[in-house]
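The sequence and structure come next.

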Amino acid sequence: MEIAQLEKDLKERKDKSEANVTVLPQGSGLNFKPHFVECAADSFVMHTQTPVKRIRTANAAKAKEFIDLMQLAANGKNDSIVFLVRSDGLGTFRTLKKLCDQRNIRNGKLPVVGQGRIDLSAFTNKNR
């Protein structure tokens with residue numbers, strides 16, 4: 001009986017830990033157009049395209065998708081790259097930020113708590 005309860009508790013914890021991580025617009029960041037890039041341990045995820053694309057960090061400087069995004073942010077009036085930094089993604093963030101800073105590209109970061117799927121629906125809603 002006790003084992004069944006522990007297994008149930010474990011399943012509930014896993015379900016909660018895999019829940020979506022929602023990113024919400026707030027504060028002074030409402031007047032820019034964000035382009036989200038998720039930073040993980042050895043890769044980054046381009047949330048700027050559908051379907052999203054994962055690229056190895058080691059290939060960042062040569063990745064056409066990331067180069068195109070930097071070009072877009074550099075030429076856009078209010079465009080900015082926002083790095084969503086996972087707890088294991090600090091090295092990837094530093095690599096990508098360095099590439100942006102070398103080109104004077106606007107960028108910022110938001111920490112991502114947990115390992116859930118990123119939910120950016122608040123930014124795609126036109127009525128915000």
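## Surface and overall make-up

In this predicted model, the accessible surface of the protein chain comes to about 8700 Å², and 52% of that area belongs to carbon and sulfur atoms. Of the 128 residues in the protein chain, 34% are buried.

The protein chain holds 4 helices and 7 strands, which follow one another along the sequence in the pattern α-β-β-β-β-α-β-α-β-β-α. When contacts between residues at least 6 apart in sequence are considered, 68% of them join residues at least 24 apart.

## Helix H2

Helix H2, covering residues 64-75, has 12 residues and reaches 16 Å from its first C-alpha to its last, which is close to the 16 Å expected at 1.5 Å a residue. Its buried residues are Phe 66, Leu 69, Met 70 and Ala 73. Seen down the axis of H2, these buried residues fall within an arc of 100 degrees, so they line one face of the helix.

The cover over the buried residues of H2 includes strand E2 (33-39), strand E3 (43-46), E5 and H3, whereas the face turned away from the buried side carries the exposed residues Lys 64 and Asn 75.

Leaving aside residues up to four places away in sequence, Ser 87 touches Val 112 and Gln 115. Ser 87 and Ala 40 are 47 residues apart in sequence, while their C-alpha atoms are 7.7 Å apart in space.

Note on methods:
Residues numbered from 1 in each chain as written. Predicted model: local features only at pLDDT ≥ 70, side-chain atom pairs only at ≥ 80, totals over all residues. Heavy atoms only, no water. Helix = DSSP H or I, 4+ residues; strand = E, 2+ residues; numbered from the N terminus. Buried < 20%, exposed > 50% of the residue type's maximum accessible area, 1.4 Å probe, protein only. Contact = heavy atoms within 4.5 Å. Areas by Shrake-Rupley, 256 points an atom, 1.4 Å probe, with all protein chains shown as cover. Expected span 1.5 Å × (residues − 1). Arc of directions from axis to C-beta.
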